[in-house]
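Come and look along with me.

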Amino acid sequence: MTNIKIKPWISSLPEYIPGGTIEEIKEKYNLKEVYKLASNENIYGPSPKIIEYFKNGFSDIKYYPDSYCRQLRKKLSRKLGVSGDSIIFGNGTDQIIEMVCDAILCKNSNVIVPDPTFLTYEKSALKNEAEVIKVPLKNFRQDIKSIIKSINKDTAVIFLTSPHNPTGTIITKEEIECALENIRKDILVVLDEAYIEFVPEKYKVDSLKYLKQYDNLLIMRTFSKIYGIAGLRIGYGIGSSEVISNITKLMQPFVVNSIAQVAAILSLEDDDNISRNVDTIIKEREIFSRRLKQEGIQFVESYSNFILIKAGGRSTKIIEELMKKGFMVRGGEFLGFPGYIRVSISLPEINKMFTELFINLYREYNS
Ligand SMILES: *Cc1c(COP(=O)(O)O)cnc(C)c1O
């Protein structure tokens, strides 16, 4: 037992278990192909323009990256119609969540999170010794009324996610407006929109427009999902320039590497590729859902690029069997939904193979 004075909150955290890798599963089960459907990445990958660009090498990596991401900032601010100083970039959205918590939370404050939700929120709050108030989902959806009711004088940050991970449900326009109207202006409302691109147009909420009226709103987005560059680690937040500039002061200077900056710029220049991928994923999600419905298998109607499916009491066994066949999915017990699995939507032929295999296993282990 070490005598090093590790902070008590860290000691009480569960052991960090890194997710499995494709190589590891290939080796373990002697497989040629492994399909990673466990982390909601975009299996279509990034814009081909990125691959093409980097074929010529990485000549600029001898220099530190531009710590202010100027070129990318300019491009993104134009695209979103927001001022450059209202954007913060990070080494993934994960890091921005952490910086937000570092900048705002302390021992006497609390954050409100839906339960279950994306774990980074809670961990970043605990790091700052803040209390975490968990508001249960209702019917797999974030319960805005209960969240508002849970606010007390020490509440400093509220995390909302739309589409929500791991359920894939969204917060409606009315609910977002209700939240913004009823939450005190000294509480930061973080709206995590990591999966916003997968929401069909008619359900999409133009959240950016609320920034003009609510300086306590911070919207987060990422290049890890639809843009297909999860491995490069880059995400961003959009909020009031005053809040952003204060959080930026905390930042290490070179968190966004130069390759990620170039790849993000090229991604933003390839709208055609993005919308093609979005269309296919939405169509595939419908096919997938319809097939599950036909079989009478319960799942949560998703607005994202993954589906949470009820696999039953022997879900761990089903997950193992899927893995043996080369399909990696996320077990619900890690996500607050024991008995469920979360599956990313992939390419049509992989989705088809997966659905049929899963349906067979479902029948076998639920009979
Ligand atoms: C994937 C995901 C993110 C993005 O994380 P990065 O650090 O940008 O890769 C953020 N929020 C949620 C809810 C996610 O599922």
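Here are my entries, one topic at a time.

**Starting point.** I am reading a predicted model, so I keep that in mind throughout.

**The sheet.** I began with the strands. I found seven of them in an open sheet with mixed pairing, in the order β2-β8-β7-β6-β5-β3-β4. I then checked the edges: β2 (87–90) and β4 (131–136) each have a single partner strand, so one side of each has no neighbour in the sheet. On average, neighbouring strands are turned by 20° against each other, direction ignored.

I followed β2 to its partner. It pairs with β8 (residues 235–238) in the antiparallel sense, over four bridges. Within that pairing I saw Ile88 opposite Gly237 of β8.

What packs on this sheet? I found helix α5 (residues 93–104) there, touching β2, β5 (155–161), β6 (188–192), β7 (217–222) and β8. The direction of α5 makes about 155° with that of β7.

**Helix α13.** Next I tested the length of α13 (residues 348–365). At 1.5 Å a residue, its 18 residues should span 26 Å, and I find the end C-alpha atoms 25 Å apart, which agrees. I also looked up its buried residues, among them Ile350, Phe354, Phe358, Leu361 and Tyr362. The buried residues of α13 pack against β1 (35–36), α11 (271–294), β9 (306–310), α12 (315–324), β10 (327–328) and β12 (340–344).

**Aromatic rings.** I counted 18 aromatic pairs. Tyr121 and Phe159 are a stacked pair, because their ring centres are 4.4 Å apart and their planes stand at 5°. Tyr121 sits in helix α6 (residues 119–127) and Phe159 in strand β5, so this pair ties together parts 38 residues apart in sequence. I noted both Tyr121 and Phe159 as buried.

Then I turned to Phe140 and Tyr340, an edge-to-face pair with 6.1 Å from centre to centre and 65° between the planes. Phe140 is in the loop between β4 and α7 (144–149) and Tyr340 in strand β12, so here the parts tied together are 200 residues apart in sequence. Are these two buried or partly exposed? Phe140 counts as partly exposed at 25% relative accessibility, whereas Tyr340 is buried at 12%.

I also traced a cluster in which ring pairs link Tyr35, Phe288, Phe327, Phe354, Phe358 and Tyr362.

**Cysteines.** How many disulfides did I find? The count is zero. For Cys106, the nearest cysteine sulfur is that of Cys101, 12 Å away. Cys106 is partly exposed, with 40% relative accessibility, and Cys178 is partly exposed too, with 25%.

**Backbone details.** I looked up cis peptide bonds next. One joins Ser162 and Pro163, with omega about -10°, and another joins Asn165 and Pro166, with omega about 15°. Pro163 lies in the loop between β5 and α8 (173–182), and Pro166 has its place in the loop between β5 and α8 as well.

Glu129, in the loop between α6 and β4, has phi near 60°. Its relative accessible area of 47% makes Glu129 partly exposed. Asn139 has a phi of about 55° and lies in the loop between β4 and α7. With a relative accessible area of 66%, Asn139 is exposed.

Methods:
Residues are numbered from 1 along each chain as its sequence is written. This is a predicted model: local features need pLDDT of at least 70, side-chain atom pairs count only at pLDDT 80 or more; totals for chains, interfaces and linings use all residues. Side-chain values use heavy atoms; hydrogens and water are left out. Two strands pair if DSSP finds at least two bridges between them. Helices (H or I, at least four residues) and strands (E, at least two) are DSSP runs, numbered from the N terminus. Axes are lines fitted to C-alpha atoms, for helices over the stretch in contact, and angles run from 0 to 180 degrees between N-to-C directions. Contact means heavy atoms within 4.5 Å. The expected span of a helix is 1.5 Å times one less than its number of residues. Buried means under 20% relative accessible area, exposed over 50%, partly exposed in between (1.4 Å probe, protein chains only). A disulfide is a pair of cysteine sulfur atoms within 2.5 Å. Rings of Phe, Tyr and Trp (its six-membered ring) pair if their centres lie within 6.5 Å; planes under 30 degrees apart count as stacked, over 60 as edge-to-face and the rest as tilted.
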